[in-house]
Amino acid sequence: AKARHFKWEVEYMYGAPDCLEHVVMGINGQFPGPTIKAQAGDTVVVHLTNKLHTEGVVIHWHGIRQLGTPWADGTASISQCAINPGETFVYRFTVDKAGTYFYHGHYGMQRSAGLYGLLIVDVEEGKKEPFQYDGEFNLLLSDWWHKGVHEQEVDLSANPMRWIGEPQSLLINGRGQYNCSLAAAHNGNGSGLPECKFRGNERCAPNILHVMPNKTYRLRVASTTALASLNLAIGNHKMLMVEADGNYLEPFWVNDFDIYSGETYSVVFRTDQNPANNYWISVGVRGREPRTPQALAILHYQTTTASKLPTLAPPKTPLWNDYARSKAFSNKILALSGSPKPPLINHRRIFLLNTQNRIDGYTKWAINNVSLTLPPTPYLGAIKHGFSNAFDQKSPPDTFLSTYDIMKPPSNPNSTYGNGVYMLKFNTTIDVILQNANALNANVSEIHPWHLHGHDFWVMGYGEGKFSKKNIGKFNLKNPPLRNTAVIFPYGWTALRFVTDNPGVWAFHCHIEPHLHMGMGVVFAEGVHLVGNIPNEALSCGLTGKMLIGKPHK
Ligand code: C2O
Ligand code: CU
């Protein structure tokens with residue numbers, strides 16, 4: 001195993017993600033940030049310097065469990081203090097498991113601003129993946145607004161709330177096309193947009209994947225969208241799903257697949273189509289009425305010229321509200337045989353009701369009627385050093401009223417702010433039942449992809465309506481997939497199971513950035529007394545900053 005060192009500077013800079021010039025967050029002048037490549041067992045060391053002039057920054061390593069290094073999780077107010085302008089924080093952690101991961105800002109809405117990149121972990125030297133391929137490509141998917149994130153933050157926190165709307169563009173590896181289409185020959189693929197004209201080398205020119213005929217390729221796909229649920233297809237090519245969130249799947253063939261924010265997948269496909277043509281890779285919106293054109297990339301058979309546009313129309317994205325199709329796909333995702341199995345019994349079951357609410361007229365999201373607001377002192381240091389006045393000492397509720405009607409808008413929409421913690425007993429098995437409900441408007445229930453830090457969980461099952469005891473008997477105990485992100489469908493529930501074997505404080509939240517911003521998350525803590533020495537830089541704010549830094553530790 002090696003140590004891989006990186007020196008990064010985060011800054012605002014001009015970019016043109018969808019051909020229009022806008023401010024983006026960059027790392028070392030790059031947007032998206034550099035791709036980290038490592039091997040399982042390696043130590044990644046990132047010296048992160050904040051070159052922003054007026055705001056803090058942190059970076060979260062999404063999908064990396066941070067075993068033994070909870071202070072390197074990169075969540076402001078949870079695992080560390082935000083890094084101040086001009087300051088440097090060293091993230092040092094091991095990447096213990098091969099897989100497809102990514103990283104992103106976890107302070108304010110910096111992920112929406114473009115602070116993200118890929119983190120690819122290969123298998124250890126001499127080890128093999130349970131599938132074969134001749135080459136690989138990475139696609140990092142995101143969505144993009146022309147309005148800057150500071151305005152978006154103000155909009156979302158306004159009274160009345162001003163909704164940010166649908167993204168202007170979808171980006172593949174940071175590239176999209178606004179107000180023009182690569183597929184104009186096909187009527188802009190339904191959009192009717194005129195043809196994009198490229199002279200070459202534009203920063204928003206399409207991604208081209210160069211392949212040879214009759215080979216097998218691995219495509220790693222990660223979604224760090226702020227809002228959009230996506231679907232990806234490659235014209236004429238079937239794909240074999242093999243990996244999700246850094247865990248192997250029982251392989252299955254698809255023509256297209258859904259990917260929610262916070263998820264990653266690997267697929268393998270064979271270049272067995274007519275080598276005289278090129279083919280579109282299309283990415284479109286699902287789960288919300290699409291107002292954003294598909295993003296396109298080109299699969300280029302090197303037996304023809306790269307500039308030859310595909311003759312076939314880009315694959316159509318399945319209907320946005322065909323939830324039966326989405327559920328059928330989610331239910332096909334199962335662990336490869338031989339994967340770790342869940343414990344058969346759980347010690348605690350936590351029900352989390354997802355509702356949209358109001359607090360003093362402001363629109364919020366709440367979990368069991370508590371809307372999360374992060375405290376000034378990060379939880380990890382506060383709990384480890386026993387600062388009991390750093391956050392609400394009352395634990396948030398483990399359940400919600402059994403009479404709550406999830407099919408209707410809340411009868412009393414008023415909610416409360418809170419920053420309490422679910423204190424989980426170390427080395428126990430926890431079930432979480434995520435329960436979806438109607439939002440504030442009648443007949444609206446949204447998709448929420450929930451992401452857990454510090455862990456993978458088993459997805460024990462999905463269901464419709466309100467969860468009931470009899471659903472427990474239908475949990476998949478045999479081959480549930482291990483993931484770090486799982487979606488709840490409109491008016492449905494999702495059951496998860498995990499073991500509290502990683503001392504630290506871990507965020508669990510909806511990965512839709514505006515939803516998190518409006519309070520849609522909870523905080524779990526486990527075995528914090530077992531956490532080693534937290535670096536001073538992670539403690540230098542709030543009560544830990546005042547009481548510990550500059551004073552001798554005891
Ligand atoms: Cu990728 Cu807390 O998120
Ligand atoms: Cu959400």
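One term before we start. By nonpolar core I mean a set of buried Ala, Val, Leu, Ile, Met, Phe, Trp, Tyr and Cys residues joined through C-beta atoms within 7 Å. And please keep in mind that this is a predicted model.

Now the core itself. The largest nonpolar core holds 151 residues. Which members touch the most others? They are L119, L141, Y379, L496, V505 and V523. Strand 19, residues 295-301, gives the most to this core: six residues.

Take Y379 from that group. Leaving out residues up to four places away in sequence, Y379 touches I78, F391, V421, V505, V523 and A525. Two of these, V505 and V523, are also on the list of members that touch the most others.

Strand 9, residues 135-144, pairs with strand 10 in the antiparallel sense, over four bridges. There, D143 stands opposite L170 in strand 10.

Last, the annotation. An unreviewed UniProt entry gives "domain: Plastocyanin-like" for residues 10-124, 137-303 and 412-527. Residues 10-124 are 0% helix and 43% strand, with end C-alpha atoms 30 Å apart. Residues 137-303 are 5% helix and 42% strand, and there the end C-alpha atoms are 19 Å apart.

That's my tour. Over to you.

Methods:
Residues are numbered from 1 along each chain as its sequence is written. Chains are lettered from A and ligands numbered from 1 in the order in which they are written. This is a predicted model: local features need pLDDT of at least 70, side-chain atom pairs count only at pLDDT 80 or more; totals for chains, interfaces and linings use all residues. A residue is buried if 20 or more other C-beta atoms lie within 10 Å of its own, exposed if 12 or fewer, and partly exposed in between; C-beta atoms are placed from the backbone. Helices (H or I, at least four residues) and strands (E, at least two) are DSSP runs, numbered from the N terminus. Two residues are in contact if their C-beta atoms, placed from the backbone, lie within 7 Å. Two strands pair if DSSP finds at least two bridges between them. UniProt positions are given in the numbering used here, feature names are shortened, and annotations may be inferred rather than shown by experiment.
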